[in-house]
Amino acid sequence: MRSVPRRERKKLLSPKDIALSVAPMMEWTDRFCRSFHRTMSRRARLYTEMVTTGAVIHGPRERLLGFDDAEHPVAVQLGGSDPAELVKAARICADFGYDEINLNVGCPSDRVQNGRFGACLMLEPALVGECVAAMKGAVSLPITVKCRIGVDEQDTEEALNRLTECVVAAGCDALTVHARKAWLKGLSPKENRDIPPLDYTRVYRLKQNNPNLPIAVNGGIRTMAEVHEHLKHVDGVMLGRIAYQEPEILLAVDRELYGEDPPVADAFEAIQAYEPYIAARLEEGQRLHNMTRHMLGLFTGRPGARAYRRHLATEATKPDAGLETLREAVAQVSRLAREPIETAA
Ligand SMILES: Cc1cc2nc3c(=O)[nH]c(=O)nc-3n(C[C@H](O)[C@H](O)[C@H](O)COP(=O)(O)O)c2cc1C
């Protein structure tokens, strides 16, 4: 494996860059979802769904990789394990203007295992190093890896250390660790996100032993209080399901982690801020549902949230649905419930 000499390396990512990110999630974090999330935080780092090298090289590029300028900072996640193919795909992604290229070493689906990439690469750390080194040699973007703490019967101490050694020697700019094993046989991808136990301390130890490598932890993190707790031990936290299911959590990111005002005050304003984007996509022929399907988690816990969801589920799927359909849905939600309770002076 070609390792990058230490003196040539410049730091392409600082710990601050990865303090809070929204995870790559297939079918979920498409460009519409990311643009919506961006209305609530200028700072959260956003990841695409995983795209395979084959799709990037041979597929409809604009549809797979196109994104809106407002989405920055945005990272593309690649699935693959052939260094030459990864180089081709990385160059294409760099031309599209992505801020980072992330290699998937964590997805356990059968399809992915047949293609010999994703979580099964935990078993081939030297190959992962070759992949990272090849991409580092081809593009000037940060190259990062998202992995598990191990797979199957692997010893998580040894497996994660070995993978980390290989990617660090290859010049990897940051590592995100989903803090549980993946079981390659016997569990579905969904079960593999819940059943193997979380071991955050394993990731904290990795950070202690690799102080110069920006490291983020992922898996089962659901509140900003938990985010703050993890940040005492690692550089970053990656939020998956909670960011999708209750996206209002993103409203806290800019203020709490960067000391900056959030771009909008609440979910109502987030929708207003997103409307011009929706209008532009409708104009291009997109269906309203392509955007609103990512917004069903808004208003959780507010009176009217269920009526909002029901209205979008039944009306936004219609071919001629437009912004007024969204406004009708929002009108079902009480604006009072979450306002601060006044206290006597
Ligand atoms: C619907 C869905 C799709 C996912 N797709 C990907 C993917 O494409 N690439 C990847 O690395 N992880 C993928 N994941 C895993 C997440 O990135 C994350 O590691 C996992 O959900 C654990 O984080 P959480 O507990 O905060 O959700 C997916 C998760 C979900 C729920």
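Modeller: Here are some questions and answers about the model.

Modeller: This is a predicted model, in which local features need pLDDT of at least 70 and side-chain atom pairs count only at pLDDT 80 or more, while totals for chains, interfaces and linings use all residues. Residues are numbered from 1 along each chain as its sequence is written.

Colleague: What does the pLDDT of the protein average?

Modeller: The average is 94, and 94% of the residues score at least 70. The score is the predictor's confidence in each residue, from 0 to 100.

Colleague: Where does pLDDT stay under 50?

Modeller: That happens over residues 340-345, where the model has zero contacts beyond four places in sequence. A contact here is a pair of residues whose C-beta atoms, placed from the backbone, lie within 7 Å. Where pLDDT is low, the predicted coordinates should not be read in detail.

Colleague: Which residues come nearest to the ligand?

Modeller: Ala 23, Met 25, Met 50, Gly 240 and Arg 241 do, out of 23 residues around the ligand. Strand 2 (45-52) and helix 10 (241-245) are the elements that give two or more residues to this shell. A residue is near a molecule or strand if its C-beta atom, placed from the backbone, lies within 6 Å of it. Helices (H or I, at least four residues) and strands (E, at least two) are DSSP runs, numbered from the N terminus.

Colleague: How do the residues of that shell divide?

Modeller: Ten are nonpolar, eight polar and five charged. Ala, Val, Leu, Ile, Met, Phe, Trp, Tyr, Cys and Pro count as nonpolar, Asp, Glu, Lys and Arg as charged, and the others, Gly among them, as polar.

Colleague: Why does Cys 107 count as buried?

Modeller: A residue is buried if 20 or more other C-beta atoms lie within 10 Å of its own, exposed if 12 or fewer, and partly exposed in between, with C-beta atoms placed from the backbone. Cys 107 has 24 such neighbours, so it is buried. Its place is the loop between strand 4 (100-105) and helix 5 (110-114). Beyond four places in sequence, Cys 107 touches Met 50, Gly 79, Val 112, Gly 118, Ala 119 and Pro 189. UniProt, in an unreviewed entry, places the feature "active site" at Cys 107; such annotations may be inferred rather than shown by experiment.

Colleague: Is Glu 27 buried or exposed, and what makes it so?

Modeller: Glu 27 has 8 C-beta neighbours inside 10 Å, so it counts as exposed. This residue lies in the loop between strand 1 (20-22) and helix 1. Glu 27 has a positive phi of about 75 degrees although it is not a glycine.

Colleague: And how do you know where Phe 299 belongs, buried or exposed?

Modeller: Phe 299 has 27 other C-beta atoms within 10 Å, so it is buried. Phe 299 sits in the loop between helix 13 and helix 14, and its phi is positive too, about 70 degrees.

Colleague: Why do the buried residues of helix 15 line one face of the helix?

Modeller: In helix 15 (residues 323-330), the buried residues are Thr 325, Leu 326, Ala 329 and Val 330. Seen down the axis, they fall within an arc of 140 degrees, so they line one face. The arc is that of the directions from the helix axis to the C-beta atoms. Glu 324 and Arg 327, on the other side, are exposed. Covering the buried residues are, among others, helix 12 (267-283), helix 13 (288-292) and helix 14 (305-315).

Methods. Contact = placed C-beta atoms within 7 Å.
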